[in-house]
Amino acid sequence: MGTDFPEGFRWGTATAAHQVEGGNWNNDWWAWEHAEGTPCAEPSGDACDHWHRFEQDISLLAALGFDDYRFSIEWSRIEPEPGEISLAALDHYRRVCAACLAHGVRPVVTFHHFTSPRWVAQAGGWHDASTVEHFVRFAERAVAHLGDLIGAACTINEPNVVAFVGYQLGVFPPGIVSDELFRVATDNLLAAHERVVPVLRSGPGEFPVGLTLSMTDYQPHPGDDPAAVARCEEARATLEDPYLELAAGDDFLGVQTYSRMRFGPEGALGPEDDVPVLPMGYEYYPDSLEACLRRAWAVTGGQVPLVVTENGIGTDDDTQRIDYLRTALGGVLACLADGLDVRGYTYWSLLDNFEWAFGYRPRFGIVAVDRATQRRTVKPSAEWLGAVALANSLAVDG
Ligand code: GCO
């Protein structure tokens with residue numbers, strides 16, 4: 001297996017509005033962070049002040065060697081009240097797209113990345129069908145204003161996580177634990193994606209459209225135990241397959257993978273002895289990316305181009321980050337060598353940022369942020385990954 005990626009393979013890095021912009025007070029996550037008994041470690045606050053510093057950050061990622069910048073637009077800024085559109089917010093995101101293009105970077109725009117306006121949450125959120133209609137209307141308005149500058153569009157980020165963590169674990173808003181509402185929310189998220197794809201394809205502008213799916217390398221232990229195998233299959237059938245089936249009609253499928261999860265006959269098993277555990281609580285397991293790319297390819301029948309729209313590691317050990325990346329990217333090369341159509345790799349994240357309920361503790365960034373001063377510091381992993389991007393090859397290691 002070679003070390004070179006195919007001609008045209010794209011290299012990107014990613015953020016999400018609520019995790020980096022700061023001051024997103026009008027959405028369900030800000031309310032969740034300040035709610036009585038919240039599971040959140042801390043509030044997002046000013047985050048990385050990316051709302052004001054986006055130009056500097058885009059200039060930095062371009063200088064490092066990245067082709068793509070994946071970011072999300074914040075619904076609660078664009079539509080602060082039902083039907084009330086902020087042209088100032090839309091113009092802000094036009095400036096973000098324009099800054100990308102001015103630096104030779106393709107803007108990859110996510111239309112929903114975990115957060116919804118307070119008024120949407122108060123109207124029922126994803127377990128109310130009205131949210132589908134509201135999201136379609138929002139997407140129509142946003143693409144009308146931004147479409148001519150968009151390079152690629154992700155409809156909804158990890159809809160399976162929005163449903164599972166919000167309605168089965170109760171750790172994300174609305175913090176409900178209900179099998180029935182989990183199913184309703186899942187159906188609404190699937191419907192929202194299906195309805196918004198043609199909306200985004202209608203332009204203005206012409207760009208590929210897809211969803212980004214959280215995928216996990218589910219492993220039965222022991223490997224041949226029927227009950228353990230059944231638990232893995234149940235997790236895939238519930239959390240991944242409905243989205244993979246829907247993606248069959250899309251221009252790409254965004255695969256977002258970080259680690260594995262082991263199931264024994266009785267249920268989920270914790271980290272395996274002697275396998276490092278990361279601040280997120282899951283194992284250091286970079287081989288998971290190849291496994292999930294192969295599964296996505298198989299389930300979609302090899303008909304949908306794949307893009308790694310998130311992969312990375314929350315760690316304070318930047319050498320460990322480079323080791324993780326080297327193995328994960330080796331897995332991408334193995335997939336390419338076997339004919340899988342993988343179009344690009346986007347590292348999560350450009351900046352150390354607000355990691356949802358975990359707060360700022362897990363550091364996924366290749367660029368450190370001093371949140372007292374907002375000073376950015378490029379980590380060695382940023383230089384390394386940027387060199388891989390510029391060479392389009394893992395051979396940078398010599
Ligand atoms: C997710 C989200 C990101 C996370 C990242 C690290 O996958 O949960 O897309 O917002 O920050 O994955 O956990």
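Before going on, some ground rules. This is a predicted model, in which local features need pLDDT of at least 70 and side-chain atom pairs count only at pLDDT 80 or more, while totals for chains, interfaces and linings use all residues. Residues are numbered from 1 along each chain as its sequence is written, and side-chain values use heavy atoms, with hydrogens and water left out.

What surrounds the ligand? There are 13 residues around it, and the closest are Gln19, Glu158, Tyr258, Glu310 and Glu355. By type, the shell has 6 nonpolar, 4 polar and 3 charged residues. In this scheme Ala, Val, Leu, Ile, Met, Phe, Trp, Tyr, Cys and Pro are nonpolar, Asp, Glu, Lys and Arg are charged, and the others, Gly among them, are polar.

Now the polar contacts, meaning pairs of N or O atoms within 3.5 Å. A side-chain N or O atom of Trp356 is 2.9 Å from an oxygen atom of the ligand. For Asn157, a polar side-chain atom lies 3.0 Å from a ligand oxygen, and for Trp348 the distance is 3.2 Å. Alone, the ligand exposes 320 Å², and the protein buries 93% of that. Those areas come from the Shrake-Rupley method with a 1.4 Å probe.

Next, the backbone. Most residues other than glycine have a negative phi, and most peptide bonds are trans. Trp348 comes up again here: the peptide bond from Trp348 to Ser349 is cis, with omega near 10 degrees. Ser349 is in the loop between strand S11 (342-348) and strand S12 (367-370). Strands are DSSP runs of E, at least two residues, and helices are runs of H or I, at least four, numbered from the N terminus.

Trp356 is in that loop between S11 and S12 too, and its phi is positive, near 50 degrees. Is Trp356 buried or exposed? Trp356 counts as buried because its relative accessibility is 3%, and buried means under 20%.

Elsewhere, the bond from Gly203 to Pro204 is also cis, with omega near 10 degrees. Pro204 lies in the loop between helix H9 (179-201) and strand S5 (209-214).

Terms used
A residue is near a molecule or strand if one of its heavy atoms lies within 4 Å of it. A polar contact is a pair of N or O atoms within 3.5 Å; within protein, one must be able to donate a hydrogen and the other to accept it, and residues adjacent in sequence count only if both atoms are side-chain atoms. Buried means under 20% relative accessible area, exposed over 50%, partly exposed in between (1.4 Å probe, protein chains only).
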